[in-house]
Amino acid sequence: MTADFSEETATAVVVDSFARTPDDRLRTVLGALVRHLHGFVREVEPTQAEWEAAIGFLTAVGAMCDDKRQEFILLSDVLGVSMLVDAINHRTPAGATESTVLGPFHVVRSPERVLGDDLADVSEGEPLLVRGRVLDLDGAALAGAAVDVWHADAEGFYDVQKDATPDQDLRGLFHTDEDGRFWFRTVEPSHYPIPDDGPVGDLLRRTKRHPYRPAHIHLIVTADGHVPVTTHVFLDGSPYLDDDTVFGVKRSLVRRVRTEHDADGTPYRVVDFDVTLSGDGRRAAGRG
Ligand code: BEZ
Ligand code: FE
């Protein structure tokens, strides 16, 4: 007879129960999961009631998920797991634009637009010109690069959060010109709270954390033969730049909105954001 399942034998017994898993990676992942989970339980020594509360919390997180709401990703975000996974998978070579969290709002296909178009189909707010170039690590222009952008409105809501707004407002897919340039018009986004009407919001409130992210515009930039980047441009001066609830801010991604004047002297607001991609063959150590 084998030894009883006990505090002493528990971890080895469960790790061993997966020993015949044919998939090496799955066996490794499960072994680590069991060792770390058991280590956590040994450290915390939860009461039976606390264990039930934990199961209740995870059940509520799952119940909140549907095709427009991903509460597990939000949980991963506020625990810093999303950004840690991102950091491990995108060990960007020096000079390449840094990545940050994708977020849960890239849920509809961005409409193809032409350079100079306005993303604001219906949203109103402070007009903003966004422009930049897509470059390689040597500074050469990447013509025909795809620049997929989306952002929140001046009240801090994405189109998919508003029933009355078409699901392509403040979204666009552009292709750079022969000089690698892209530019589009839009309205200035606001800082905003991540969806906090579910169990993740309850967790933030119980722990005296706020749900806010600083103002930003999301970009996914892809070019043939280059490593794509999922990133943001953060607007300098926005609240929460030092305290993003999902830990997504990187200093290299913050840009100031400036005022320029057209030929008639009319002022306009503009933010410049160049994106540098590394070549496929120069991908840094790491996955992805
Ligand atoms: C976002 O930037 O869209 C986002 C990221 C993480 C959680 C919620 C929203
Ligand atoms: Fe966002």
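1. Leu235 has Arg255 in strand 9 as its bridge partner, and strand 8 (residues 229–235) pairs with strand 9 in the parallel sense over two bridges. Strands here are DSSP runs of E with at least two residues, and helices are runs of H or I with at least four, numbered from the N terminus; two strands pair if DSSP finds at least two bridges between them.

2. This is a predicted model, in which local features need pLDDT of at least 70 and side-chain atom pairs count only at pLDDT 80 or more, while totals for chains, interfaces and linings use all residues. Residues are numbered from 1 along each chain as its sequence is written, chains are lettered from A and ligands numbered from 1 in the order in which they are written, and side-chain values use heavy atoms, with hydrogens and water left out.

3. The open sheet to note has five strands in the order 3-2-7-8-9, with mixed pairing. Its edge strands, strand 3 (171–175) and strand 9 (254–255), each pair on one side only.

4. Turning to ligand 1, a polar side-chain atom of Tyr192 lies 2.7 Å from one of its oxygen atoms, the corresponding distance for His216 is 3.1 Å, and for an N or O atom in the side chain of His218 it is 3.0 Å; a polar contact is a pair of N or O atoms within 3.5 Å. Taken alone, ligand 1 exposes 270 Å², of which the protein buries 100%, with accessible areas from the Shrake-Rupley method and a 1.4 Å probe.

5. Helix 4 (71–78) and strand 7 (216–222) are the elements that give two or more residues to the shell around ligand 1.

Terms used:
A polar contact is a pair of N or O atoms within 3.5 Å; within protein, one must be able to donate a hydrogen and the other to accept it, and residues adjacent in sequence count only if both atoms are side-chain atoms.
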